[in-house]
Structures are given as C-alpha cells and as structure tokens.
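Here is a short briefing on a sheet and a helix pair. Have the sequence and the model open as you read.

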Amino acid sequence: NRELGPMKLSTQTPAAASARRPWRTISAWIAVSILAVAAMAFGLGNLTTDGEPTNNPESDRAEDARLAAFPQDPSSAVTDVVVIRSEDYTVDSPRFEGYVRDFVAESEITALGRARTYLDGGEALVSEDRHATIIPIALSDDGETETLVEKVEAVADEGPFAVSVTGTETLDHDFNLLSQEDLENGELKCGLPAALIILLLVFGAGVAGLIPLLMAIMAIVVALGLATLLAQQFELSVFLINMLTGMGLALGIDYSLFVVSRYREERGQGRSELGAIEASGATASRAVFFSGSVFVVAMLGMLLVPNSIMRSLAVGAILVGIVSVVAALTLLPAVLGLLGDKVDALRIPLVGRRSLEASNPEGRFWGAIVRRVLRRPVVSLALSAGALLLLALPVFRMDVGTSGVSELPDRFASKQGFVALERDFPGATTDPVEIVVSNASARGVQTALQGLRSDLAADPRFGSGEIERSADGQVALLSVPVNGDASSTAATEAVSKLREESIPEAFEGTNAEVLVGGTSSENIDYFDSVIDPAPFVIAFVLLLTFVLLTIVFRSVVVAGTAVLLNLLSVGAAYGLLVLVFQEGVGADLFGFQQTDTIEAWVPLFLFSVLFGLSMDYQVFLLSRIRERHVQTGDTTAAVTFGVGSTARIITGAALIIVAVFSGFARGDLIMFQQMGFGVAVALLIDATVIRSVLLPSAMKLLGEWNWYLPAWLEWLPRVEVEGPRPDGQGRAVLD
C-alpha cells in the first residue's frame, strides 16, 4: 500500500494568477464593489432593530393569543406617549388647554392628529398635581417617529411648557441613532485613524500601511452588499452593520498584514517580486485561509442561538470573514503584483529603516524575550497562568441583563420622556405586563384572575391593572404596569417571579392557560434564548476548532494546547468585564458606565469572536513554528524562531484590533462598551501573555510531544499549512 501524500490545498496558484494579471483581478473587485454599493442603496432599510427569539417562547405566544382575541387597528394601538408639563399653569387653565389643542391640531404628524387628549375626557391622562398631561399615540413608521422627535425637540422648552416623548418607537429610533453615532465617532473617527497609525509604524512606509486598510474597506463594502441581499429574505438586525464594520476592519487588516509582511520578508531574502508573491501565497496566504476557516467555524456556533440579533451578528461576521479571506488570496496579490517594490514607497523617517530591518526574521527584541521565557519554562508557565486564572475568577459573579431606556444618555428624547413620565405619571407605562388567560369563562378562573389583580396591585413593583374580556368571553387580558424601566433587572425579576410562582399559585386547580407577554417577559425569553444554548455553542466551537487544528497541524497536543490557552484568555476577559462594568473597578478611568448586569448577548458573542480572532494569531504563529520544525527537527529552536519572527506582526495586528474595538468602547451604547472592552483586553492578553509567555513555555515543556498524533488518527488527511517552499523564481521546491 502506497502512503498517501499531503492534501494539496493551493493558495499559491490564485496568488500567482492574480499577480500576473493584476488589472483583471482589480477590475473584477471594483465591479463587485459597485454592485455591492447599489445593493446597499436599496436594501439597508430592510435591517431592523427588533431582536426576536426564534423558538416561539411564551411572550410570543402571549402576543399571538392577545391579538387573536383582541384584534386592534394598528392606528389605535398605543406605542408612545407625549408628556406636556407646565410649572406655571394647570391643565384647567385656558393657556394650557390652548397649547395642547394647538400641539395636536396643527401637527403634520398623523399619529398626533388622531390622538385622544384629556380635553376629550379622561382624568387618567392628567397628573396628580394637574400640571402635566400625557397624550397616548400610535406611531406607524420610522419616518413619522423621526418627525415627532424633531417636533418635540424643537418645542421642548417653549415658554412655560416642557414637552417630551417616550415609548417603543421612540426608543428604537434613539437606539438606531446612537448606534450610527457610535459607528461614526468610535469606529470610523477613532478606530480607523488609530489602525492607520499602527500600520504605518509596523511597516514604516505609507503605501504598505495603506494597503491593509484598503483591503479592509473593500471587504466591508462587499460584505455589506451581500448582507443587504440576505436581508431581502431573512430578518437581520441593524446592529449587523456595527459588527460587520468592526470585524471587517480587524480581519481585513490582519490578513493583509500577515501577507504583506511575508512578502517583504521574502523580498529581503532575495526572491524576485513574483517569487516573493508566490512564496507568501504558499505560506502566509495558506495560514490566512486556515485561520479564516477557524474564525468562520467559531461564528457558525452563534447561528445555534435562537435569537435574531445573535444570528444577525453571526451572519455579518461570517460574510466579512469569507470576503476578507478571498480578498487576501486574490486582490492583495494583484495589488502587490502591480506595485512590486513600490509597496515600500513613502518611507517614514527613522521608523521606515527600522521596519525594513525588522521585516527579516528574527526580531531581536521578541527573540530575547522568548529565550528568557524558555530558560525558565516552569516559572513562566506557572506565573502567567496563575495571573490569568485570578483575573478570570470574577466571572462567577456575572449577572446578565439588557439595556433599556434608562441606560441611554440623557440627551436622547426617549430618555427625557421616560424621566418625565416617571415623575408625573409613576403608574403609567407604554410597556405593561400583559397576562392573557384562556378559557376565562370556566369555573374559578374569574375568581383567580381578580385575586391575581388584587395581589399585583398590592405589590410595590406593579401598578393597578385593568381586565378586558374578548367578545365571546373566552379570553381575558390583565394589563398591569411594571414600575420603572421595563428592561431593568428589577422589572425582569418581578415578572419572572410572576410567571414562575404567582400565576401558577393563583390559577392552581383551574384549566386555564395563562401566558405572560410584554417587554419584560420578552426580555426573560431573550435571556433564555441566549443563555440556554450557550453550553452547546461552546462545545460546538471547541470541538470543531480542535478537529480543524488537529487536521491542519497533525497533532492533538498542539490543537489541545491552542484551545486551552484561548479558553484562558477568554476567561480573563470575562473576569475583567465583570470587574469594570458590574463592580465599577476602573470604570471612571475608562469613561464607562457602571451597570448591574452584562448585556445578555455579550458573553457568548465574546466567546465566539475572541476564539475566532485569537486563532488567527495561533495559526499564523504555529504555522511558522511548524515550518521551522519541519526544516530543523528542533522544537525549542522552532519555537524561538516562530515567536521571534511573528511576535512583532502579531502584536501590531492585535493593537490594530484593540484600536478598532476601542472605538466601540468609546461609544455611548453600554452594550458596545462592554463588547469593545472585552475584545480589546482579551486580544491584548492573547498577543502578549499567551503568545510570548504561555505558549512558548508550554511547548518547551512538552518537547516532541507537541507533534503527537495517535496511530489510530493517521488516516487524517495531511494538510500542510506551511506549503511548499518556492525557490527564488517562485517555483515550488520540496525539501
């Protein structure tokens, strides 16, 4: 039986083909980008702010049952309320009455024109001190909401009257606006310039520094175009844009950084321009392909979560990950083929000379560090692992929740309206708890419902509820206001106890089906949809990553070590997240809000993203170690060379991602603050402690066991990450 040779996975071929015909490749990418921009122009509006569980939870069933029993005209369903207050006049004064009448009658906003005010009768619309009134309205679309917000902001402090608005549609409008502001101010105004500065310092040349940034922008544009096409068929969240942009910058820059640095290294060793492109295509590009594959695998795990926002974030990351890899394999070699040695044009004084010297392995600074670590591997491993485990301990105190109107900055209309509503109408809300009771005419059900209403009215966490019956009397609806922000921890805990204890006790012995809907109930189901599948997602990502790395490096030890070290960096990031945001340690220093909870989607999202991104560095580093080990057979020398020759690039790549995600952390949306901070600190830990201390010391101690593959796994395909070694003219040479 003849032994099978290695599986041929050529990334060298597309690199060579693209470099030989650069204009053809570049023109194709430009054409695709134009089509993507056209798709965005028509399709971005299909993205939504809604985050719905996809597993038919209780809150959804309650909403369906309510609408079936109490069909409503969408134009009459209350979504928001306008609050009008005057310190000088009461609602009985002609001046107050005239202002309210004019505000409604002269409005070009349809929802206001058909609104019912206290002038039509209804003391419930007047505050206890009679200095304020609310106007319930039904906003139908984003355009009408934006017009109303603009109108309210224009007359907010008009003379003796203060006007504000809050509710579901207004809150969605403000979250959208804040998301866009964070994207512009954080990622684009902060992340992009910082990434460019780091690239210029790493490469020491203007052209080489700009290329990765241009690759990232191209990947983002094309991926956004693909996402808008998918949004025609599937519900995708607007937060996909932030995710896709951040990950596009990170991956596009990283992959280009790896390939361009390898190209410059090969040119420094005397290869021809085409030979250097083919050599980088056979090595760095192949590492990019495998690291991109690991990233996509990690993101696929998020698709297991039955929640539209998580799946949208996963789709955005997967799309931009795939496009970034394709760009690195085709567009980047074409650009290098067109530029050749002009890639080092526009050299930066001082930095440029050092950068060109550092493009040749092995870097003195990092080489010295890894040699010092390898002299005392046990001490290095124990100290670094112990420190990371200590940082991870606070994870056991993590509480999850979600951001509501109370977490918005004070400048937003919905926050101002919420404060005014709580002040003047503490029992009013646009997000009541809606308890839908079927078989309401059965014996004992009516008594149970009345008893529940009385119990909730006596509970300080709820207000006075109202009971409504369907036309046939078979369904009853108890609407009860929950005090405070419906998304707060206090509200969700109150409704959770209502669902799990109060309702079963009240309706025990009856044959009624009771379902609880409303925003607080939706949040409970949202938490469950994110938290419950977490063990399966984590197991899925760990298993597939382990299998892929085992195949790539033909070693269960290398794969297991990589997985364990990544878990350690993720755990440390979780612990720091709890320390800073929940417990407030250093929150003021970073300019973050302290909060009672971590956004429910953030931990699982961080796990998938950090696992995917850190594996980029893992594959890039291990491929160089494996490449040198194949040549020398000396594990210690291979580790020293691999870390020394890649640490500068890996550190630069990590700093770029830190800069990009620090842009998220600079924003006002607390969920993005947490996500940006988590990614940034984890990658700093990964690129420094993990890559420079933990991994080298672990591989030193393991020695030749690093390359252990059980005999019963010898059937696995041989996939060479490092690829064949091209000669100076670009021809493949087998050692």
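Two strands count as paired if DSSP finds at least two bridges between them. Helices (H or I, at least four residues) and strands (E, at least two) are DSSP runs, numbered from the N terminus. The model is predicted, so to speak of local features takes pLDDT of at least 70 and side-chain atom pairs count only at pLDDT 80 or more, while totals for chains, interfaces and linings use all residues. Residues are numbered from 1 along each chain as its sequence is written, and side-chain values use heavy atoms, leaving out hydrogens and water.

**The sheet**
- Strands β7 and β8 (residues 475–480) run antiparallel and are joined by four bridges.
- E466 has S479 in β8 as its bridge partner.
- Both strands belong to an open, antiparallel sheet of four strands, ordered β7-β8-β6-β9.
- β7 (466–469) and β9 (514–517) are the edge strands; each has a single partner, so one side of each lacks a neighbour in the sheet.
- On average, neighbouring strands here are turned by 20° against each other, direction ignored.

**A helix on the sheet**
- Helix α3 (residues 58–69) packs on this sheet and touches β6 (433–438), β8 and β9; contact means heavy atoms within 4.5 Å.
- The direction of α3 makes about 100° with that of β9. Axes are lines fitted to C-alpha atoms, for helices over the stretch in contact, with angles from 0 to 180 degrees between N-to-C directions.

**The helix pair**
- The axes of α23 (residues 602–632) and α24 (residues 635–665) come within 8 Å and cross at roughly 155°.
- α23 is therefore roughly antiparallel to α24, a term for angles over 145 degrees.

How values were computed:
Parallel < 35°, antiparallel > 145°, perpendicular 65-115°, else oblique.
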